[in-house]
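Me: I am new to this structure. Please take me through it, and tell me what each term rests on.

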Amino acid sequence: MALEITDATFDEVVLKSDKPVMVDFWAAWCGPCRMVGPIIEEVSQEYDGKAVVGKVDVDANQQFAAKYGVRNIPTVLVFKGGEIVSRQVGVSPKKAYTDAIDGALN
């Protein structure tokens, strides 16, 4: 299950993580986000223990979406050591997301 990340928990969960972190910026009203959601859940299960996978609802949590220039959703960012190492905008195949995490794990 992907972790719910908020503005209040972003720093601790994402920026201070010792593992790569995939963050899906999404909103409930966004059709493409609903297509990406199940893929993110699958990735979360497959990388359990190896990487952190979470979701940020941009309607409720705008601080980090603005900080990282998220203008279109879904946007999926991968962080390593507090820095962005991958950015996917729009709907992508699952392999794009797993490749991004694999790249951050190496």
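Reply: Start with the elements. Helices (H or I, at least four residues) and strands (E, at least two) are DSSP runs, numbered from the N terminus. Lys-55 sits in one of these, strand S3. The model is predicted, and local features need pLDDT of at least 70, side-chain atom pairs count only at pLDDT 80 or more, while totals for chains, interfaces and linings use all residues. Residues are numbered from 1 along each chain as its sequence is written, and side-chain values use heavy atoms, with hydrogens and water left out.

Me: Why does Lys-55 count as buried?

Reply: Buried means under 20% relative accessible area, exposed over 50%, and partly exposed in between (1.4 Å probe, protein chains only). Lys-55 has 8% relative accessibility, so it counts as buried.

Me: What does Lys-55 touch?

Reply: Contact means heavy atoms within 4.5 Å. Leaving out residues up to four places away in sequence, Lys-55 touches Ala-2, Leu-3, Glu-4, Ile-5, Asp-24, Trp-26, Gly-37, Ile-40 and Glu-41.

Me: What makes S1 and S3 a pair?

Reply: Two strands pair if DSSP finds at least two bridges between them. S1 and S3 (residues 52-57) are joined by 2 bridges and run parallel. Glu-4 has Lys-55 as its bridge partner in S3.

Me: How many bridges join S4 and S5?

Reply: Strand S4 (residues 75-80) and strand S5 (residues 83-89) are antiparallel and joined by 6 bridges. One of the partners in S5 is Gln-88, facing Val-76 across a bridge. The two strands form a hairpin with 2 residues between them, and Gly-81 in the turn has a positive phi of about 60°.

Me: Is Ser-86 buried or exposed?

Reply: Ser-86 belongs to strand S5. Its relative accessible area is 14%, so Ser-86 is buried. Beyond its neighbours within four places in sequence, Ser-86 is in contact with Val-76, Leu-77, Val-78 and Ala-100.

Me: What makes a group of residues a nonpolar core?

Reply: The members are buried Ala, Val, Leu, Ile, Met, Phe, Trp, Tyr and Cys residues, joined through side-chain atoms within 4.5 Å. The largest core here has 19 residues, of which Phe-10, Val-14, Leu-15, Val-23, Phe-25, Tyr-68 and Phe-79 touch the most other members. Helix H1 (7-15), strand S2 (21-26), helix H3 (63-67) and S4 each give it two or more residues. S2 gives the most, with 4 residues. Apart from this core lies another, of 15 residues, including Ala-2, Ile-40, Val-43 and Ala-104.

Me: Why is the pair of Phe-10 and Phe-64 called stacked?

Reply: Rings of Phe, Tyr and Trp (its six-membered ring) pair if their centres lie within 6.5 Å; planes under 30 degrees apart count as stacked, over 60 as edge-to-face and the rest as tilted. By this rule there are 6 aromatic pairs. Phe-10 and Phe-64 lie 4.1 Å centre to centre, with 10° between the planes, and are stacked. Phe-10 is in helix H1 and Phe-64 in helix H3, so the pair ties together parts 54 residues apart in sequence.

Me: What kind of pair do Tyr-68 and Phe-79 form?

Reply: Theirs is edge-to-face, at 5.1 Å centre to centre and 75° between the planes. Phe-10, Phe-25, Phe-64, Tyr-68 and Phe-79 form one aromatic cluster.

Me: How do you know that a disulfide joins Cys-30 to Cys-33?

Reply: A disulfide is a pair of cysteine sulfur atoms within 2.5 Å. For Cys-30 and Cys-33 the S to S distance is 2.3 Å, and a disulfide joins them. The count comes to 1 disulfide. The torsion about its S-S bond is about 80°, so the disulfide of Cys-30 and Cys-33 is right-handed. Both cysteines, Cys-30 and Cys-33, are buried.
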